[in-house]
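Please have the sequence and the model open side by side. We will walk through a few places in turn.

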Amino acid sequence: MNTLLVFFSILISYCNCNVSPVGVQYLENIWSDEMMDKIREVFRESTITDMAADDIPASQFDNIGESLPLDPNGRCPAEYTVNKQGTRCVFIGRIDVATEYVKTGGISRQRKSIEGLYSAANPFISKVQNGARREELAEIMAKSPVSGALENTCQEGILRNVVMTMLIMLPGQTVPVHYDIPLFSDLPKANAPAWLQVAYALSGLNKDREIRQVQTITYLTGNASNSNQGGDFVYWLEGPQGPMESFPVVANSAIVTDGVHVAHAVKVWQPESGHSAPKLNKDDQNEIRYIGDSKWQIFINGVGEKVYEESELRMSFISRYICFRDQEEENSYTFQSGQKNATSVLEEMSEALETDLVTGENRKTARDTILTNYLQYPATGGLNYCVLPELVPGTAGSVLKFIFSYIC
Ligand SMILES: *[C@@H]1O[C@H](CO)[C@@H](O)[C@H](O)[C@H]1NC(C)=O
Ligand SMILES: *[C@@H]1O[C@H](CO)[C@@H](O)[C@H](O)[C@H]1NC(C)=O
């Protein structure tokens, strides 16, 4: 097996967050044919659903004080969505991602209605749930050069796989620019909105309690000789002001990086195919299933819809790992000793920025101060919508309920 390991820079200078040496490693020919068939089989036996609804923690810490009652029709204003309990309106969990995507039209500069943008950013993604399958996949990964790349990144630490996901993108679909959600040993996931956790990681204020993460993105489909295939993985290793770099989609290749600290996105897959992404209503049950003969079909509420050739799909297998520095850190994460919450995070940020983010009346101002100071995205050029009031009015049963959990 001809394995090519290319090491792309191991340092990042802009970031004061330096939790880990952040880099991007790219590897080709990572599996034998049999290994790849096995992984494909796991995809084919799975029902893969569209992306989960917005990732709002089911706790009192789903907001930074902006929470409002629903209006009499059960609706929330733009930029808000209905919380997990269905009782209040809170900021969309990934307000950072949504704002940037809608404003710019995303990395592929789509010029579309809001509805079109949502549909395009609605790929199919599911965790591998079956324990026996996970073990088989873990064995395959352990035998591939990807495991060496992971060990490189984790150095002396203790590496743990936390989740394995299958991602299928249809022609016309994209993934907006985002940072993945971080983990902290002293801030449980449910104790702060996702966007605030991301800003907290990028601020570097809690770098000693941040758990290092590494993702591997591997591909089952893709042929770089096809110049129209699109779907490139793009990333900004040197921070949002740095250059955009990219990798084409190549079956049997892998990208290893820390998506928590490296902004990344996926360009529109097969933009020239003439297909636009199907319109999917978040209130429906949307699935994609293998139907034999190298074909896949979309099912909406159990009813079969459009059929795709497997070669038309962008199929990637993504694993997320955490890398504990030592046993002590693993224990502190497992038992979550410190119990910070959204207020504690706001207090720390207030001190660092010398401004009161905790009590001010206008919560959008507090939010924007945090985003401006800590959570910047690269300028991808173009302006699709400049008026944010357009952004996502959330209804309990809305077609446009915003997505983006990105916990894969
Ligand atoms: C990739 O595409 C090129 C050009 O279309 C084709 O010649 C080649 O066989 C393809 N490779 C694979 C592995 O499908
Ligand atoms: C949240 O954190 C604040 C400040 O750190 C603390 O005073 C408060 O008791 C915490 N709230 C809960 C419910 O734990």
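This is a predicted model: local features need pLDDT of at least 70, side-chain atom pairs count only at pLDDT 80 or more; totals for chains, interfaces and linings use all residues.

**A helix and what follows**

Residues are numbered from 1 along each chain as its sequence is written, while chains are lettered from A and ligands numbered from 1 in the order in which they are written.

Now look at helix 2 itself. Helix 2 covers residues 95-104, and nine of these 10 residues are buried, so the rest of the structure largely encloses it. A residue is buried if 20 or more other C-beta atoms lie within 10 Å of its own, exposed if 12 or fewer, and partly exposed in between, with C-beta atoms placed from the backbone. Among the buried residues are Ile95, Asp96, Tyr101 and Thr104.

**Two packed helices**

Two packed helices are described by the angle between their axes and the distance between the axes. Helix 1 (residues 33-44) packs against helix 4 (residues 131-143) at about 150°, and their axes are 11 Å apart. That makes the two helices roughly antiparallel, the word for angles over 145 degrees. The axes are lines fitted to C-alpha atoms over the stretch in contact, and angles run from 0 to 180 degrees between N-to-C directions.

Which residues make the contact? Helix 1 supplies Met35, Lys38, Ile39 and Val42, and helix 4 supplies Arg133, Glu136, Leu137 and Ile140. In contact means that the C-beta atoms, placed from the backbone, lie within 7 Å. Five of the contact residues are nonpolar, none is polar and three are charged. Ala, Val, Leu, Ile, Met, Phe, Trp, Tyr, Cys and Pro count as nonpolar, Asp, Glu, Lys and Arg as charged, and the others, Gly among them, as polar.

**Two asparagines**

Asn29 is not a glycine, yet its phi is positive, near 50°. Asn29 sits in the loop between strand 2 (24-28) and helix 1. Is Asn29 buried or partly exposed? Asn29 is partly exposed, because 15 other C-beta atoms lie within 10 Å.

Asn252 also has a positive phi, about 70°, without being a glycine. Its place is the loop between strand 13 (245-247) and strand 14 (253-257). Asn252 is buried, with 21 other C-beta atoms within 10 Å.

Definitions and conventions. Helices (H or I, at least four residues) and strands (E, at least two) are DSSP runs, numbered from the N terminus. Angles under 35 degrees count as roughly parallel, over 145 as roughly antiparallel, 65 to 115 as roughly perpendicular and the rest as oblique. Two residues are in contact if their C-beta atoms, placed from the backbone, lie within 7 Å.
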